[in-house]
Amino acid sequence: SNSSTQYSHSDFVNPELVVTSRHISGVWIGDHGANRVMHFTSAGMRWSTDGFTEVNDLVINDDGSLCWVADAPADKVYILNGRSGEVISSMSGFGSPFYLAYNRANHTVLVSGSTGLLSTISESGELLSSVLNPDRTGKISLAY
């Protein structure tokens, strides 16, 4: 049987990005218009975090404990506590990070910058590798 849940909130402006965790119920929503990230469960909104220049993409790890947010105009990737919304850290130097992908195979995050920089960071935010290819910018896709 198919089931669906609809979330609405007065804070929504343009909630385009929606991600889920494999093991935790609820959704994390990136609102491109309000430049905020919100977490909802069946009980309603649990938390909301703003202060981003622009929410371009977000990913969550499997247990919902960490959430990464790409903010291209600020050239930053933020790491949020996925359960409270608290900003744990932010990093820069990703060439205007626009797309993110969580790699379940090795628990890393891939960051694609609009300048062609593709970086891999650990869950804690340590830069593991970077490669520049200005002709190959775009969305990241991983197969499992």
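Buried means under 20% relative accessible area, exposed means over 50%, and partly exposed lies in between, with a 1.4 Å probe and protein chains only. By that rule, W68 and Y102 are both buried.

This is a predicted model, in which local features need pLDDT of at least 70 and side-chain atom pairs count only at pLDDT 80 or more, while totals for chains, interfaces and linings use all residues. Residues are numbered from 1 along each chain as its sequence is written, and side-chain values use heavy atoms, with hydrogens and water left out.

## Overall make-up

Helices (H or I, at least four residues) and strands (E, at least two) are DSSP runs, numbered from the N terminus. The protein has zero helices and twelve strands. Along the sequence, the pattern reads β-β-β-β-β-β-β-β-β-β-β-β. The protein has 144 residues, and 45% of them count as buried.

Strands of a sheet pair through backbone hydrogen bonds, either parallel or antiparallel. Here, two strands count as paired if DSSP finds at least two bridges between them.

Four strands form an open sheet in the order β1-β2-β3-β4, with antiparallel pairing. β1 and β4 are the edge strands, and each pairs on one side only. Neighbouring strands of this sheet are turned by 25° against each other on average, direction ignored. For such angles, axes are lines fitted to C-alpha atoms, for helices over the stretch in contact, and the angles run from 0 to 180 degrees between N-to-C directions.

| Strand pair | Bridges | Bridge partners |
|---|---|---|
| β1 (residues 15-19) and β2 | four bridges | L17 and G30 |
| β2 and β3 (residues 36-41) | five bridges | W28 and H39 |
| β3 and β4 | five bridges | H39 and W47 |

Follow H39 through the table. H39 in β3 is the bridge partner of W28. The bridge partner of H39 in β4 is W47.

How many of the residues of β2 are buried? Strand β2 covers residues 27-31, and five of its five residues are buried. In a regular strand the side chains alternate between the two faces of the sheet. In β2, V27, I29 and D31 point one way, while W28 and G30 point the other way.

β2 and β3 form a hairpin with four residues between them. N35 sits in the turn and has a positive phi of about 50°.

D31 belongs to strand β2. D31 is buried yet has no salt bridge. A salt bridge is a side-chain nitrogen of Lys or Arg within 4 Å of a carboxyl oxygen of Asp or Glu. The nearest side chain of opposite charge is R36, 6.2 Å away. Lys and Arg count as positive and Asp and Glu as negative, while His and the chain ends are not counted.

What does the side chain of D31 reach at 2.9 Å? That is the backbone nitrogen of G33. The D31 side chain also reaches the backbone nitrogen of A34, at 2.8 Å. These are polar contacts: pairs of N or O atoms within 3.5 Å, where, within protein, one must be able to donate a hydrogen and the other to accept it, and residues adjacent in sequence count only if both atoms are side-chain atoms.

## Aromatic pairs

Rings of Phe, Tyr and Trp (its six-membered ring) pair if their centres lie within 6.5 Å; planes under 30 degrees apart count as stacked, over 60 as edge-to-face and the rest as tilted. The count comes to three aromatic pairs.

One of them is F52 and Y78, an edge-to-face pair at 5.0 Å centre to centre, with 80° between the planes. This pair links distant parts of the chain, 26 residues apart. F52 lies in the loop between β4 (44-49) and β5 (57-60), and Y78 lies in strand β7 (residues 76-81). F52 is buried, with a relative accessible area of 8%. Y78 is buried too, at 12%.

Why does the pair of W68 and Y102 count as stacked? The ring centres of W68 and Y102 are 5.6 Å apart and their planes are at 25°, so the pair is stacked. This pair also links distant parts of the chain: W68 in strand β6 (residues 66-71) and Y102 in strand β9 (residues 97-103), 34 residues apart.

## The sheet β9-β10-β11-β12

An open sheet of four strands has the order β9-β10-β11-β12, with antiparallel pairing. Its edge strands are β9 and β12 (127-132), and each pairs on one side only. Neighbouring strands are turned by 15° against each other on average, direction ignored.

Within this sheet, β10 (residues 108-113) and β11 (residues 117-122) run antiparallel and are joined by five bridges. S112 stands opposite L118 in β11.
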